[in-house]
Amino acid sequence: MTERTADIGVVGLGTMGSNLALNIAQKGFTVAVHNRTIAKSFALRDDNPGIGDNVVPADSLEDFVASLKTPRLVLFMVPAGKIVDDEMATIAPLLSAGDVMIDAGNADFNDTIRRSKAVEETGLQFVGMGVSGGELGARHGPSIMVGGAEATYGLLSPILTRIAAQYEGEPCVAWLGPDGAGHFVKTIHNGIEYADMQMIAEIYGIMRDGIGLEPKAMAAIFEDWNTRGLSSYLIEITAVTLAETDPETGKPMVDVIVDEAGQKGTGRWAVIEAQKLGVGATTIEAAVSARGVSSRRSERADAGALYAGIATQAGGFAGDAAGLAELEEALETAKIIAYAQGYATMAAASQEFSWNLPLAEIARIWRAGCIIRSRFLDDIARAYDSGETVVNLLQATDFVARVSAGQGALRRIVARAMLAGIPVPALSAALAYLDDYRRPRGTTNLTQAQRDLFGAHTFHRLDKDGVFHHQWPAV
Ligand code: NDP
């Protein structure tokens, strides 16, 4: 029987689990590891000289559990869904009251709430934890969003604060609230990531199809943008990917990659939850839908033939290199709107589930380690920390000024793209949301009239209190 020496155990040694385990080991903690394919556990120890000394592989689940200090901390890094339930059910009988099971994969927060209840009824503790930053983040410092009991977080924080990304000396990890709070915030993080990436791809589309720029020229532009307001990991990697050459053909790498985007579901979860909460997360929705449309590649080719008469007017932006500043301003403005939608979704969830989500802190732990890391998140944190009541980021003083200044550029870019036949679903969704959101007198008075006519759904009047039904003419 292995001695109880390990500070934490990791179950699942795929891309994320193995890198997270090495990160933990490198920070001086002893980490027990278990994997369905057992050989991977031993390989993790043997293939990583030095760090591997802190890795304790186990032949069996019993040995794995026996190697853990109590209360035992067991972190699962396996694909979301039934596999998490199955793995937890296998290990739970080997654990004792007070031990902690941590789901660190990308979970639907509704599952996390269900698991929290079920696990806590057995006397064990449960933590739902979002980890962002991909493979490199897991290895060298991810952004970590924790949900569960605050006291349980206390058991994990000595390890998590060491393995998390550090931003100006502050660890990018925080306890965000009970049960599903951490996984909900991770889901919205990914939703925002979808919107951010889609808007960058739309700007690329304008550069390629509207202005006729080559990828290398675009790379230089994105590199330049990365020195100012848009400075972020996503803009940085946009420049890197556009500059890359395919070693086989000598063509730009992006020109040989098929235009079908994959997705694993977190963007879709973000949209579904925003809809349930009655929040318009239209930029995220546009991004998720665009990935869906992209995956119907042969169908798009057929449609292209059917609509061959509608020419994409490549000249729509021709000779417009001078308009690059306008493109930059449009992207920056749309980005503010997309993040405002993500934050509005978190604010609504915080109220709905009584989580009291620390919105400024969330911006702070996203500043390093995660995919949407950027200096812009400092501005969001500042808005929430400023003392003013922030109903929606689009009402925060700084953002009102920036969106007011940038909306003209966004409007002109969206309008010209649409006239040229270049799709900009997320950029146009951002603009439409802004125009809808800033309009005191909307048009749903007509919707209410229609609903009252066909379904006696009643309506409110502007000139007096109460609920009314009108006798509409028979139709
Ligand atoms: P991988 O596919 O790389 O690894 C999956 C791991 O789960 C492997 O260890 C695998 O074992 C194990 N596993 C798979 N199926 C089963 C099963 N039926 N029973 C037991 N074990 C099983 O996944 P990732 O590391 O990429 O992802 C893990 C989690 O992290 C997911 O929830 C993912 O969404 C999330 N995540 C991933 C990110 C990424 O960039 N990849 C970023 C952030 C979160 P075996 O070795 O035997 O196949």
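**Exercise 1. Find which helix gives the most to the lining of the second largest pocket, and describe that pocket.**

Step 1. Helix 8 gives the most, with six residues. Helices are DSSP runs of H or I with at least four residues, numbered from the N terminus.

Step 2. Recall the term. On a 1 Å grid over the protein atoms alone, a pocket is an open set of points where a 1.4 Å probe fits, with protein on both sides within 12 Å along at least five of seven lines; lining residues have an atom within 4 Å of a point.

Step 3. The volume of the second largest pocket is about 1,400 Å³. Of its 50 lining residues, those closest to the centre include Thr15, Met77 and Lys264.

A note on the source: this is a predicted model, where local features need pLDDT of at least 70, side-chain atom pairs count only at pLDDT 80 or more, and totals for chains, interfaces and linings use all residues. Residues are numbered from 1 along each chain as its sequence is written, and side-chain values use heavy atoms, without hydrogens and water.

**Exercise 2. Locate the ligand and list its partners.**

Step 1. The ligand takes up the space of the second largest pocket.

Step 2. 20 residues surround the ligand. Among the closest are Asn35 and Thr37.

Step 3. Check the oxygen atoms of the ligand. One is 2.6 Å from a side-chain N or O atom of Lys40. For the side chain of Arg36, the distance is 2.9 Å. Gly14 has a backbone N or O atom 3.1 Å from a ligand oxygen.

How values were computed: Near = heavy atom within 4 Å. Polar contact = N/O pair within 3.5 Å; in protein donor to acceptor, adjacent residues only side chain to side chain. Sits in = over half its atoms within 2 Å of the grid points. Points joined across faces, edges and corners; volume = space filled by probe spheres on them. Helix = DSSP H or I, 4+ residues; strand = E, 2+ residues; numbered from the N terminus.
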